[in-house]
Amino acid sequence: MSHSRFTGLIAYQRAREVGDGIHSCVTDWDSFEMWSTGMQLVRAADSIAANIAEAFGRDSTADTRRLLFIARGSLFETEHWLAVSAARGLLEVSGLESKLSEVARTLNGLIARPGPRS
């Protein structure tokens, strides 16, 4: 089914890697931490790539940009939950921080790109 342009985007690929990596870590947490902090973290991280994908299915540049901004908001939320997880001793975030920085850089490039995205 991969007839979509978004799968080739570095921002999308790195966001998926971050989401998959976080998911792998959270599944090892105890039940309380997994269902409280963990679920929030996984949902925020998965939302980055999902919103990039949705953005590239839109017809207008304005709608595409709006969803890319939502993806960036999910990235910031992911950073928040990573900080909470680290403060609670649940997760080592150093490797994830560098991947999130790459997602942010490439996502900002998509947002700044002028004109239609089709």
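Q: Let us begin with glutamate 54: how does it count in terms of relative accessibility?
A: Glutamate 54 counts as partly exposed, because its relative accessibility is 35%. The classes are buried (under 20% relative accessible area), exposed (over 50%) and partly exposed in between, with a 1.4 Å probe and protein chains only.

Q: What should I know about the model itself?
A: It is a predicted model, in which local features need pLDDT of at least 70 and side-chain atom pairs count only at pLDDT 80 or more, while totals for chains, interfaces and linings use all residues. Residues are numbered from 1 along each chain as its sequence is written, and side-chain values use heavy atoms, with hydrogens and water left out.

Q: Which side chain does glutamate 54 meet in a salt bridge?
A: Its partner is arginine 58, at 2.3 Å from N to O. A salt bridge here is a side-chain nitrogen of Lys or Arg within 4 Å of a carboxyl oxygen of Asp or Glu. Arginine 58 is partly exposed, with a relative accessibility of 33%.

Q: How many salt bridges does the structure hold?
A: There are 7 salt bridges. One of them joins glutamate 102 to arginine 14, with the closest N and O atoms 3.3 Å apart. That pair links distant parts of the chain, since glutamate 102 lies in helix H4 and arginine 14 in helix H1, 88 residues apart.

Q: And what about glutamate 102 with arginine 105?
A: Their side chains meet in a salt bridge too, at 3.8 Å from N to O. The two are 3 residues apart in helix H4, so about one helical turn separates them. Through shared partners, salt bridges join Arg14, Glu17, Glu102 and Arg105 into one network.

Q: How do glutamate 102 and arginine 105 count by accessibility?
A: Glutamate 102 is partly exposed at 25% relative accessibility, whereas arginine 105 is exposed at 54%.

Q: Turning to the fold, how many helices and strands are in the chain?
A: The chain has 4 helices and 0 strands, and its elements run α-α-α-α from the N terminus on. Helices (H or I, at least four residues) and strands (E, at least two) are DSSP runs, numbered from the N terminus.

Q: How does the radius of gyration of the chain stand against the globule rule?
A: The radius of gyration is 15 Å, close to the 13 Å that the rule gives for 118 residues, so the chain is as compact as a globular protein of that length. The radius is taken over C-alpha atoms, and the rule is 2.2 Å times the number of residues to the power 0.38. The C-alpha trace spans about 45 × 30 × 20 Å along its principal axes. Of the 118 residues, 41% count as buried.

Q: Back to H4: how many residues has it, and how far does it reach?
A: Helix H4 covers residues 94-112, which makes 19 residues, and reaches 27 Å from its first C-alpha to its last, close to the 27 Å expected at 1.5 Å a residue. That expected span is 1.5 Å times one less than the number of residues.

Q: Which residues of H4 are buried?
A: They are Leu96, Leu100, Val103, Thr106, Leu107, Leu110 and Ile111. These residues cover an arc of only 150° around the axis, which puts them on the same side of H4; the arc is that of the directions from the helix axis to the C-beta atoms. On the other side of H4, Arg105 and Ala112 are exposed.

Q: What covers the buried residues of H4?
A: The cover includes helix H1 (10-26), helix H2 (31-55) and helix H3 (61-87).

Q: Where does serine 85 lie, and what is it in contact with?
A: Serine 85 lies in helix H3 and is buried, with a relative accessible area of 0%. Neighbours within four places in sequence aside, serine 85 is in contact (heavy atoms within 4.5 Å) with Trp29, Thr37, Leu41, Leu90 and Leu91.

Q: And asparagine 51, where is its place?
A: Asparagine 51 is in helix H2 and is buried, with a relative accessible area of 9%. Its contacts, again leaving aside neighbours within four places in sequence, are Leu67, Ile70, Ala71 and Ser74.
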